[in-house]
Amino acid sequence: MRIGVAGVGRIGAMHARHLGALDEVDEVLLFDPVAGRADAVAAVLGPRTRAVADLDELLRDSDGFVVATPTDTHPDLVRRGIAAGVPALCEKPAAGDLDGLRALIDDVEASGVAVLVGFQRRFDPAVRMLRERIRSGALGTVYLVRTIGQDAVPPDVGYLPGSGGIYRDLFIHDLDAVPWLVGEPVVQVYASGAVLVDPAFADADDVDTAVAVLRFAGGAHAVLTGGRQHGLGYDHRIEVIGSRDALAVGVDERTPLTSLEPGQRPATDPYPGFPERFERAYRNEMAVFVDVVAGRADNPSPVRDSLVSLELAIACDTSRRGGGPVRLDHAVSS
């Protein structure tokens, strides 16, 4: 099997490396619009990786391909892939606005070609185990979900104007994962944020530290917190409290948190960023994608599901700007 990767910046190069480690993948093909970048990455990754001249060649020679180019190019590349009958895994978001995403969903579903959206939490073994525990009833009634998502260092200021804001960028993974975990529609959101890290976020009409509260149809709440800088390292955790049990993912010896209780030690080797924190998830994501391409697995992250996170992100931004809760016209659920 040959898998293509369109866009080999940091994320695309990581995906290419993980694909090249899979026994089922005979060759990884790379394309990037920046001259020389694909050749440079192929030289580093070794003999099972080859740069190609353009997207047409990538699609012609690939059984499936990964879209890791800038967001505004995603819909066009996905459409070119489905027109060629080539399954795709597209980095989030598949489209930057609701109308564009709905149109893309229609095209993808009409084609019958598999397109996965790269919400890597869905592929993380611990998060998947958490979902199984919730859905099996092992936690009983879900009362409360809490998430923490903290970048270690802020993104480059040049990235901010095109990021879509903190809810569409940083929070979007949890806005996908939490409804997917709970399995109930979200009926209301409230969000708030502040600029505490760098005035550049205010200049970009954004915030760098934020919270969001989701209310589910059954009455459970989720409290999502996040920010663009953490003093110790990258941090992502999910906690779920239920009537029978309480479970957490993302808590280990590398979690950048210092307990002041007696006998506790500071974290050793805190995660420097999301690629390290979610390495297992990213590796599993590529393995599952290969299984989908081969017809051995169902699509665990279809494009239609990504409507949920985008609708919630827009509602959060509306709430933050308006200062009050936003009720959803229709219940939003995965």
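Predicted model: local features only at pLDDT ≥ 70, side-chain atom pairs only at ≥ 80, totals over all residues.
**Ground rules.** I number residues from 1 along each chain as its sequence is written, and side-chain values use heavy atoms, without hydrogens or water.

**Entry: the open sheet.** I took helices (H or I, at least four residues) and strands (E, at least two) as DSSP runs, numbered from the N terminus. Two strands pair if DSSP finds at least two bridges between them. I traced six strands in an open sheet, ordered S3-S2-S1-S4-S5-S6, with parallel pairing. S3 (49–51) and S6 (115–117) each have a single partner strand, so one side of each lacks a neighbour in the sheet. Neighbouring strands are turned by 20 degrees against each other on average, direction ignored. I then checked S2 (residues 27–31): three bridges join it to S3. Val28 has Thr49 of S3 as its bridge partner.

Entry: H11 (residues 279–293) lies across S1 (2–6), S4 (64–67), S5 (88–90) and S6. H11 runs at about 140 degrees to S4. Axes here are lines fitted to C-alpha atoms, for helices over the stretch in contact (heavy atoms within 4.5 Å), with angles from 0 to 180 degrees between N-to-C directions.

**Entry: S11.** I found six of the eight residues of S11 (residues 235–242) buried, so the rest of the structure largely encloses this strand. Buried means under 20% relative accessible area, with a 1.4 Å probe and protein chains only. S11 pairs antiparallel with S7 (residues 142–150) over eight bridges. Leu144 has Ile241 as its bridge partner. S11 also pairs antiparallel with S12 (residues 246–249), over four bridges. Val240 stands opposite Leu247. Three residues lie between S11 and S12 in this hairpin.

Technical notes. Buried < 20%, exposed > 50% of the residue type's maximum accessible area, 1.4 Å probe, protein only.
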